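Here are my notes on the fold, for you to check against the coordinates. Please read them with the viewer open.

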Amino acid sequence: MDDCAPRDSEPLVLRRATIDDAARLFAWRNNVVTRQYARSSEPVDFAKHMNWLAGKLADTASALWVGEVRGVPVAQVRVDIDGGTALL
């Protein structure tokens, strides 16, 4: 079994993302498989990613979390509020 795969006794724990997560989130964002399912399938450069991340972290209508299993980051979750609707 994959080392990062959740098990019944090892839950996925969400924590708020910080600017310290920038490199990991950047790598996940530009992953070939991730890009197939992203709103934009084009890779982004690091400067553009940093501007986006700083904006999301400051945006009161957005929340960004990193999911961890046993302290190892394995996923990200983002919620954007648009009017009265939350978009995952």
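This is a predicted model: local features need pLDDT of at least 70, side-chain atom pairs count only at pLDDT 80 or more; totals for chains, interfaces and linings use all residues.

The points below take the sheet, then the helices, then the core.

1. Four strands form an open sheet in the order 1-2-3-4, and their pairing is antiparallel. Strand 1 (13-16) and strand 4 (85-87) are the edges, each pairing on one side only. On average, neighbouring strands are turned by 30° against each other, direction ignored.

2. The pairing of strands 3 and 4. How many bridges join strand 3 and strand 4? There are three, in the antiparallel sense, with strand 3 covering residues 72-82. I81 has A86 of strand 4 as its bridge partner.

3. Helix 1 lies across strand 2 and strand 3, at about 80° to strand 3. Helix 3 (residues 46-58) also lies across strand 2 and strand 3. Its direction is about 105° to strand 2.

4. Core. Which residues make up the largest nonpolar core? There are six: A17, A22, L25, L53, L64 and V66. In soluble globular proteins, nonpolar side chains tend to be buried together.

5. Contacts of A17. Leaving out residues up to four places away in sequence, A17 touches L25, L57, L64, W65 and V66.

Terms used:
Residues are numbered from 1 along each chain as its sequence is written. Side-chain values use heavy atoms; hydrogens and water are left out. A nonpolar core is a set of buried Ala, Val, Leu, Ile, Met, Phe, Trp, Tyr and Cys residues joined through side-chain atoms within 4.5 Å. Buried means under 20% relative accessible area, exposed over 50%, partly exposed in between (1.4 Å probe, protein chains only). Contact means heavy atoms within 4.5 Å. Two strands pair if DSSP finds at least two bridges between them. Helices (H or I, at least four residues) and strands (E, at least two) are DSSP runs, numbered from the N terminus. Axes are lines fitted to C-alpha atoms, for helices over the stretch in contact, and angles run from 0 to 180 degrees between N-to-C directions.
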